[in-house]
Amino acid sequence: MALLPVAEALKRVLASATPLGTELIGLRQALGRTLAEHIEARVDNPPFDASAMDGYAVRAVDVPQVPTILTMIGESGAGRPFSGEIAPGDTVRIFTGAPLPTRSDAVVIQENTSADGSRITIQDPVKPGDNVRPTGQDFRKGQRLLEKGKRLTARDILLAAAAGHATLPVVRRPIVALLSTGDELVEPGTELGQGQISASNSFGLAAVVEAAGGEARVLGIARDTLQSLAAALDQAAGADVLVTIGGASVGDHDLVRPALEKAGAKLDFYKIAMRPGKPLFFGSRTIGGSRQHCLGLPGNPVSSLICSRVFLVPLIGRLLGREAPLESIDAVLAEPLPANGSREHYMRARLDLSTSPARAAPFKNQDSGLITALQNADCLIVVPADAPAQAAGTPVKVLKLDI
Ligand code: AMP
Ligand code: MG
């Protein structure tokens, strides 16, 4: 099978996925969730004409010149409105956030007045609307405030609460099961025996899943036998996505694909023209009556994390009903690059956003064994397959490593 270009592979991954169902959640659970519907205001904001300052509510016509003396007839506080009406020559002491008394149309700030008992001298000219926040100036009842597909931020939640929502309809979070495979793997923190390494991928990938808005379920480590793999694959029931890690090449111990196919999976592709990350597969199976996407990532930690950025994050985004799954940004090379081979290269690099256009500096050593280099990088330069050598200053596409 010819190597599939990355863009084509991603297209197929995304085409296979449709947004999950909706659930209603409280505002305190809403951070980072994705809206399943547009959100409209349930009330006007402010709900009443409100004072923006501490001072005196007046009818602007009662202050034709300054100074003018008005009679204070009461007080309007936040949550304690003045119950009477203002007649000509009257004023009401008012505080920030308090409703404007009926027939008043402006607030004179305290600093522009002087008081002698209930005789209030207005010292500065007044226009209607001064220091008043009119009803609905912020938003109107029925106005659309938040779009379906929006990932909720602190500001969105504040707005929804102000607009009278106690709960919000969000897309159910995709459950992503993560299965490490390999006889050499031990849980991080375990003293390493001969030939053993820490199973780091599942922890990095669980964080990727959660940062992308999914719910990670770490299944542990399967051994390189069909039996162990079969048992582990059964454990993935109930997950929307199964991610297997490693065991996907063509070595004698690479049994993940056969084990998955035995467990009912149909694979769409299993080799892509990507560096790092050639042995990557994708397909689906039915388990427990539900369809499950199956993504096989390379075992190499650097490769698996980069491939998760390119395939898993957009897949989760699509399951959450978001648009524009893989957003790259434009930059120029800070240093020259040699000609590329036949696979699209995702080069670890650092991005300088202080210049325009931004400049991306690729690391000298692109060895996919260097987890430290990946950790140090803040972006990936995407070099197309078969690209010729490129001089510094050449425009390039860059993928932010915001995970
Ligand atoms: P494999 O594709 O299984 O041959 O794995 C490729 C490389 O990645 C090997 O060096 C494995 O030891 C390593 N590897 C596989 N799975 C993991 C994992 N979950 N965490 C860290 N390294 C892994
Ligand atoms: Mg292995």
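Helices and strands are DSSP runs, helices (H or I) of at least four residues and strands (E) of at least two, numbered from the N terminus. On this basis, His-165 falls in the loop between α2 (154–162) and β12 (167–171). The model described here is predicted.

With a relative accessible area of 15%, His-165 is buried, since the cut-off for that class is under 20%. A polar atom of the His-165 side chain lies 2.6 Å from the backbone oxygen of Glu-40.

The surroundings of ligand 1 were examined next. The shell around ligand 1 comprises 16 residues, and Ser-180, Glu-184, Gly-247, Gly-299 and Asn-300 are the closest of these. By class, five of the shell residues are nonpolar, nine are polar and two are charged. Two strands, β13 (175–181) and β15 (197–198), each contribute at least two residues to the shell. In the side chain of Ser-180, an N or O atom is found 3.1 Å from a nitrogen atom of ligand 1. A polar backbone atom of Ser-200 is 3.2 Å from a nitrogen atom of the ligand, and an oxygen atom of ligand 1 is 3.1 Å from a backbone N or O atom of Gly-299. On its own, ligand 1 has 480 Å² of accessible area, of which the protein covers 75%.

Salt bridges number 17 in the structure. Side chains of opposite charge can pair when their charged atoms come close. One such pair is Lys-11 and Glu-8, with an N to O distance of 3.9 Å. Both residues belong to helix α1 (residues 6–15), and because they are three residues apart there, about one helical turn separates them. Lys-11 is exposed at a relative accessible area of 56%, whereas Glu-8 is partly exposed at 29%. The pair is part of a network of salt bridges that links Glu-8, Lys-11, Arg-12 and Asp-268.

A salt bridge is also formed by Arg-103 and Glu-85, whose closest N and O atoms are 2.5 Å apart. This pair connects distant parts of the chain, 18 residues apart: Arg-103 is in the loop between β6 (90–94) and β7 (106–109), and Glu-85 is in the loop between β5 (68–76) and β6. Arg-103 counts as exposed, at 51% relative accessibility, because the exposed class begins over 50%. Glu-85, with a relative accessible area of 44%, is partly exposed. A further salt bridge joins the side chains of Arg-144 and Glu-147 at 3.5 Å, N to O. Here Arg-144 is partly exposed at 43% relative accessibility, and Glu-147 is partly exposed with a relative accessible area of 42%.

Helix α4 (residues 226–234) has Leu-229, Ala-232 and Leu-233 as its buried residues. These residues lie on the same side of α4, because the arc they cover around the axis is only 100 degrees. Exposed residues Gln-227 and Asp-234 are on the other side of α4.

Ile-329 is located in strand β22 (residues 329–333) and is partly exposed, with a relative accessible area of 27%. Along the chain, Ile-329 and Ala-199 are 130 residues apart, and their C-alpha atoms are separated by 32 Å.

Backbone geometry was also considered. Most residues other than glycine have a negative phi, and most peptide bonds are trans. Against this background, the peptide bond from Asn-45 to Pro-46 is cis, with omega near -10 degrees. Pro-46 occupies the loop between β2 (39–40) and β3 (50–51). The bond joining Ser-356 and Pro-357 is likewise a cis peptide bond, with omega about 0 degrees, and Pro-357 is in the loop between β23 (344–352) and β24 (358–362).

Positive phi values occur at Asn-131 and at Asp-386, neither of which is a glycine. For Asn-131, phi is near 55 degrees; this residue is in the loop between β9 (119–122) and β10 (132–133) and is partly exposed at 29% relative accessibility. For Asp-386, phi is about 60 degrees. Asp-386 lies in the loop between β25 (379–383) and β26 (395–400) and counts as exposed, at 55% relative accessibility.

Terms used
Residues numbered from 1 in each chain as written. Chains lettered and ligands numbered in written order. Predicted model: local features only at pLDDT ≥ 70, side-chain atom pairs only at ≥ 80, totals over all residues. Heavy atoms only, no water. Near = heavy atom within 4 Å. Polar contact = N/O pair within 3.5 Å; in protein donor to acceptor, adjacent residues only side chain to side chain. Areas by Shrake-Rupley, 256 points an atom, 1.4 Å probe, with all protein chains shown as cover. Nonpolar A, V, L, I, M, F, W, Y, C, P; charged D, E, K, R; others polar. Salt bridge = Lys/Arg side-chain N within 4 Å of Asp/Glu carboxyl O. Buried < 20%, exposed > 50% of the residue type's maximum accessible area, 1.4 Å probe, protein only. Arc of directions from axis to C-beta.
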